[in-house]
Structure formats: structure tokens, C-alpha cells
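Work through the exercises below with the sequence and the model at hand. Each task is followed by its solution.

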Amino acid sequence: MSEAYDLIVIGGGPGGYVAAIRAAQLGLKTAVVEREHLGGICLNWGCIPTKTLLRSAEIYRLSKEGEVFGVMAAPVFDPARIIARSRESATRLNAGVGYLLKKNKIDVIWGEARLTGAGGVSVGAPSKAPVSPQSPAPKPALGAGDYKARHIIIATGARPRLLPGLEPDGRLVWTYFEAMKPEAFPKSLLIVGAGAIGVEFASFYNTFGVAVTLAEATPQILPAEDAEIAALAHKSFEKQGISIHTATTVVALDKQNDSVVATLKAADGEIDALAFDRVLSAAGVVANVENLGLEALGIALERGVIRTDGLGRTSLDGVYAIGDVAGGPMLAHKAEHEGVICVEAIAGQNPHPLDKSLVPGCTYCHPQIASVGLSEARARAQGFDMKIGRFPYLANGKAIALGEPEGLVKTIFDAKSGRLLGAHLIGAEATELIQGFVVAMNLETTEEELMRTVFPHPTLSETMLESVYNAWGRAIHI
């Protein structure tokens with residue numbers, strides 16, 4: 001038996017490494033088992049590098065619109081440099097995670113972990129060579145062997161969902177891995193799935209001149225969002241030249257030499273066969289629960305994820321799960337927060353369980369989309385008597401100055417108590433603005449308290465205040 005720990009975290013993604021750092025802060029001897037790269041999918045192939053790509057798209061879009069701002073330019077983009085910068089951002093932050101683990105004296109064990117019983121973890125050789133450029137371990141990195149810990153946190157994340165008949169081949173049919181580093185931009189691209197991942201890639205590729213088609217099986221794009229916001233996004237995307245097919249499934253792919261013919265079936269049964277250079281499968285993700293030894297130990301699964309309580313505890317004492325592997329919303333910030341809560345519970349600090357209704361969602365397309373809490377439809381289904389406020393970006397001075405007048409802030413209140421039930425934004429910097437509503441909901445703020453708050457001028461945040469005003473019939477600027 002190798003070294004014994006107070007805590008072993010399986011997975012070095014956002015949930016895992018944050019949990020490990022918090023554990024070290026609380027004095028627990030901690031190790032992280034990672035099979036491939038510190039920072040997980042989010043840092044290496046998700047949140048950070050995709051936002052780097054989208055920043056390049058934003059700059060290119062603004063450059064093309066320069067004449068509106070009195071700046072004459074004829075921008076030219078370099079796909080290789082765009083992709084290289086995205087990979088550089090991932091490498092830099094990957095190294096940063098390694099530094100933080102070293103700083104906090106956390107051991108890094110490279111390999112694939114399997115639970116072997118109460119407090120036991122067996123680590124085998126990784127199936128892939130670890131990717132950890134400039135990521136220093138606190139000592140020569142540990143490897144295969146048997147380890148013991150009083151507590152074990154499973155933070156193994158998720159991977160792209162594979163649809164039957166749309167299995168990726170790395171050349172004609174992509175997952176987001178291939179979409180982030182194509183050898184060349186295709187002339188046409190079919191994206192299957194119009195959730196956050198799908199519309200972000202649609203926005204990116206469309207900006208650089210790719211003919212993008214979105215196919216979504218549900219009646220609306222962005223099915224997790226408020227229907228009114230999703231409809232505005234749909235209209236905006238079509239205006240930008242993105243072709244959208246909702247209530248549509250891809251029933252067949254016919255691969256050619258350097259293209260794919262996709263058969264699309266609409267809800268009314270209509271069939272279309274359309275040719276594309278490439279296809280991106282963006283139909284969500286599935287939790288990595290396989291090959292961990294869960295079944296042998298009787299750790300309960302529910303709908304493909306590990307069943308936990310609000311503090312990350314599984315059905316087996318001493319074993320916990322956080323992040324994507326413990327269920328939705330499958331977001332990095334939710335995983336990080338769960339990691340902190342779980343470790344603090346282990347250390348006996350009695351944290352509050354995570355309220356998933358207060359986890360914001362952000363989509364970094366153009367225009368940006370962000371939300372927290374109940375949508376209008378869900379609030380109505382729960383029987384709330386609502387007051388709903390809306391305020392358009394078009395009536396906001398800062399939005400006009402930025403040349404970003406397209407957008408809406410929508411707020412939903414309980415008419416009886418004044419409690420903020422939900423907030424939904426589409427428009428410039430929506431992903432930054434949403435946190436104001438998240439804080440307000442966490443503090444159980446009412447409409448009266450929001451209306452008494454002074455918002456700075458000129459800012460986009462004034463749209464938030466005006467939306468609250470509008471819910472109560474007091475909007476000033478519309």
C-alpha cells in the first residue's frame with residue numbers, strides 16, 4: 001500500500017482541483033488523481049479555449065463593422081493563429097493549476113483510478129499520455145499503485161454524447177474537440193444540437209464566413225432558456241445568416257470523399273437531404289461513470305449520473321461525487337461550488353447545500369445569453385402569480401454607444417412577495433451582468449430593494465434596474 005491520505009480526489013477538472021485546494025486549506029492531506037490533463041475538459045477543451053476563439057470572432061466582427069464607428073479597416077483573419085491562441089490559453093491555465101496544486105502541497109497521481117473498497121483507490125497507468133505542460137507537481141509525480149484515503153471524491157466529469165448514426169470519425173463528423181482545432185475552416189457546417197455548445201460554435205464559425213446550419217430536436221433552440229429569450233436568439237441568428245431547423249432530427253449521414261449528405265427529418269415528417277463539408281455533433285454530454293468500480297461497491301446511479309445529496313455524499317459512506325458526474329447543471333462553476341461545499345462538509349464545517357436554482361447559465365454566442373432561476377413557463381407551471389419586467393437594450397445609452405442595441409433584460413417576480421424568481425438576458429455582456437441578479441436572489445432581495453439600489457450611469461447594468469421598474473409599472477426610459 002502506498003501513501004495514505006485524508007482525501008483523494010479522482011479527477012483534476014474544475015470541481016476536482018478546487019475541492020483539493022479547499023481541502024488543503026483546511027489541513028487535509030490531499031491528492032488528486034488525473035489521467036490526462038489538469039483543469040479537465042473545461043480548461044483544456046471547453047470554457048476557456050472556446051471563449052478565446054469567440055473573442056477572436058468578436059474582434060473580427062467589430063473590425064468588419066469599423067466604418068460604423070468611424071474606423072476604416074479591411075480585416076483579414078488567420079485561422080491557424082486563431083486556433084493557436086486558443087491552445088495557448090489552455091496551456092497557460094493548465095500550468096496555473098499545476099502551480100496551485102504545488103503551492104498547496106497537493107500530490108498529483110497520474111493515472112486512471114478505480115475504487116477498491118472502503119477508502120481504497122487503485123491507480124493504473126493512464127490510457128493517454130498526461131498533458132501537463134509546465135505543470136509542476138509538488139514532488140516527482142506519483143503513478144500507478146494502491147492508495148488509501150479516509151474520504152474519496154469522484155470528480156470525473158463528462159464527455160460528448162454520441163448519437164447513433166452520428167458517431168464522430170475525427171474528419172467528417174466532429175465533436176467539439178475537432179471543432180476547436182480544424183485543419184481548415186469548412187465552407188459549410190451542420191451542427192446537430194442547438195444548446196449552449198451548438199450555438200457557440202455556430203456563432204464562431206458563422207462569423208468567419210462558414211455557412212452554418214443548426215438542427216435541434218426540440219421545438220426551440222437553447223431549450224434550457226426562457227422561450228422569449230430563445231425566440232429573440234433564433235431571430236438574431238437567422239438575421240446573421242445561420243440556417244435553423246427546430247423540431248428536426250438527423251436520421252442518416254452519407255459520408256462522401258470530403259463531404260457529408262445529411263438526411264434531416266422534421267416533426268411533420270418532411271425529409272430533406274442536404275450536403276455539408278463537415279458535421280458537428282453537439283448533443284450534450286454524458287457523465288464519466290464507467291470503470292470506476294461503482295457497481296461492485298453498490299454506489300447508486302440515477303439517470304446516468306451518481307446520486308448524491310446536497311453535500312456530495314453518495315450511497316456509500318466516505319465516497320462523494322461532485323460536478324458533471326453528479327448531474328446537472330453540468331457547468332464548471334457548479335462543479336467548483338460543489339467541491340467547496342463537499343470538502344467543508346467533510347471537515348465538519350456544516351455548509352449550506354447547493355441550491356441549484358441559483359446556478360446561472362451563460363452562453364457566449366453573439367448576442368450573449370445568460371439566465372438564473374425560473375423561466376416564465378416554469379414559474380407559471382409552479383402556480384406563481386407573476387409580475388414580469390422587460391427592458392430593451394435599444395433604450396440604453398451605453399448599448400447605443402457600444403453599437404450593441406440588440407438585446408433584452410427580462411425579470412420575473414412573485415407578485416405577492418416581490419421575490420425575484422428569475423432573470424433572463426440576451427445582449428452585450430449578458431454573461432457579466434447576470435451575476436448581479438444571482439447575488440440578489442441569493443440574498444433574497446425583493447423588487448423594492450432592487451429599485452432602491454443606485455446603478456451607475458452610463459452602463460449596461462441600467463437595463464437591469466429598468467427591467468425591475470417595468471415589472472412594477474415604473475419604467476422610466478420606455
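**Exercise 1.** Classify Glu200 by its relative accessibility, then describe its salt bridge.

Solution. The model is a predicted one. Glu200 has 9% relative accessibility. Buried means under 20%, so Glu200 counts as buried. The side chain of Glu200 forms a salt bridge with that of Lys51, at 3.2 Å from N to O. This pair links distant parts of the chain, with Glu200 in helix α6 and Lys51 in helix α3, 149 residues apart. Lys51 is partly exposed, at 24% relative accessible area.

**Exercise 2.** Check the length of α4 against its number of residues, then find what its buried residues pack against.

Solution. α4 has 25 residues, which at 1.5 Å a residue should span 36 Å. The C-alpha atoms at its ends are 37 Å apart, in agreement with that value. The buried residues of α4 include Ile82, Ile83, Val97 and Leu101. The buried residues pack against α1, α2, α3, β3 and α6. At the start of α4, a side-chain oxygen of Asp78 comes to within 3.1 Å of the backbone nitrogen of Ala80. Lys105, with a positive phi near 60°, follows the helix.

**Exercise 3.** Locate the partners of the salt bridge between Glu228 and Arg390, and name the network they belong to.

Solution. The closest N and O atoms of Glu228 and Arg390 are 2.9 Å apart. Salt bridges with shared partners join Asp226, Glu228, Glu376, Arg380, Arg390 and Lys410 into one network.

Definitions and conventions. Residues numbered from 1 in each chain as written. Predicted model: local features only at pLDDT ≥ 70, side-chain atom pairs only at ≥ 80, totals over all residues. Heavy atoms only, no water. Helix = DSSP H or I, 4+ residues; strand = E, 2+ residues; numbered from the N terminus. Expected span 1.5 Å × (residues − 1). Buried < 20%, exposed > 50% of the residue type's maximum accessible area, 1.4 Å probe, protein only. Contact = heavy atoms within 4.5 Å. Polar contact = N/O pair within 3.5 Å; in protein donor to acceptor, adjacent residues only side chain to side chain. Salt bridge = Lys/Arg side-chain N within 4 Å of Asp/Glu carboxyl O.
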